[in-house]
Amino acid sequence: MTLAETGAPVWSWNLLTDFQDMWSYPFMVNAFRAGAVVAVVSALVGWFVVLRRQTFAAHTVSMVAFPGAAGAVLLGVSAVYGYFTLCVAAALVIAALRGGGDHHESALTGTVQAFLLASGFLFIALYKGLLEGPQTILFGTFLGITSSQVTVLTVVGAVVLAVLAVIGRPLLFASVDPQVAAGRGVPVRALSVVFLVLLGAATSEASQITGTLLVFALMVIPAATAQLLTARPALSLALAVLLAFAATWLGLTAAYYSPYPLGFFVTTIAFAGYVLALAWRSLHTLLGSRTGAPLTSAEATA
């Protein structure tokens, strides 16, 4: 069932009624469940992505989700498997390339990324069945999310969070000061590989909500916003999850009541939060400099 078949929904400003209307459709219930799982996983993994300055790696992994999904559809299997397979594979390739120098790594990663994007469009062109086109894969949709898909997302998300909980403390140490961490016996290299695999799994999840081109909306923006607001790791992680959750659910609500892509709303809401946080920090810093008050630790490190 699509929204076109049921008539265009109208926002009534009665939150209880509006949510009852949205959640009367199983696909919307599944969308909100999937969105909640994806928001939590993306925010926590994305927090470390921002801290470790690995946004280019996250961007590359998100790009290869497109050919992964397109190739899976071409082979006649669910796009979910394509997302996970190629995203995790790309993460492992990036992990293998690390150590050859930043310039070499970036150039080779960008070259592979361009080739895989072209392959994705080829897979779309070769597919002869009914397909809405690359827009759904690239920009996301809340239609068609099934209960089995939510189950897969939940299981994978639980595994990612469990592994992240185990390696969280040494990963934080290795992210802040890798040289000192290595000197203390922390397996920096192994942690980097494991984290990149977690990044691949989290990116494949987020791609199914925001689309492959807009993964940064959940993977980077909430984490970057949280780190602007506070330097305390625990509080910053909690804020990142809250911001990602809000962007996802507000985006789903806005997309339900409009004809525009879900990814656009999630990205716009997350970006608006970042702009407000940046403006608040700048204003606070300006007022602090005028009064001669010292900067807080969050302001000094942001």
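1. Leaving aside neighbours within four places in sequence, T225 is in contact (heavy atoms within 4.5 Å) with L243, A270, G273, Y274 and A277. T225 is found in helix α12, where helices are DSSP runs of H or I with at least four residues, strands are runs of E with at least two, and both are numbered from the N terminus. At 3% relative accessibility T225 counts as buried, a term that means under 20% relative accessible area with a 1.4 Å probe and protein chains only, with exposed over 50% and partly exposed in between.

2. This is a predicted model, in which local features need pLDDT of at least 70 and side-chain atom pairs count only at pLDDT 80 or more, while totals for chains, interfaces and linings use all residues. Residues are numbered from 1 along each chain as its sequence is written, and side-chain values use heavy atoms, with hydrogens and water left out.

3. The secondary structure of the protein chain comes to 15 helices and zero strands. Of its 302 residues, 45% count as buried, and among contacts with a separation of 6 or more, 75% come from residues 24 or more positions apart.

4. Helix α12 (residues 221-229) packs against helix α13 (residues 233-256) at an angle of about 135°, with the axes 8 Å apart; axes are lines fitted to C-alpha atoms, for helices over the stretch in contact, and angles run from 0 to 180 degrees between N-to-C directions. The two helices are therefore oblique to each other, given that angles under 35 degrees count as roughly parallel, over 145 as roughly antiparallel, 65 to 115 as roughly perpendicular and the rest as oblique. The contact is made by P222, A223, T225, A226, Q227 and L229 of α12 with S236, L239, A240, L243 and A244 of α13.

5. The axes of α3 and α13 come within 8 Å and cross at roughly 150°, so α3 and α13 are roughly antiparallel to each other. Residues making this contact include F32, G35 and W47 of α3 and S236, F245 and W249 of α13.

6. For helix α3 (residues 26-51), the 26 residues at 1.5 Å each should span 38 Å, and the end C-alpha atoms are 38 Å apart, which agrees; the expected span is 1.5 Å times one less than the number of residues. Helix α3 is mostly covered, with 20 of its 26 residues buried, and just after α3, R53 takes a positive phi of about 55°.
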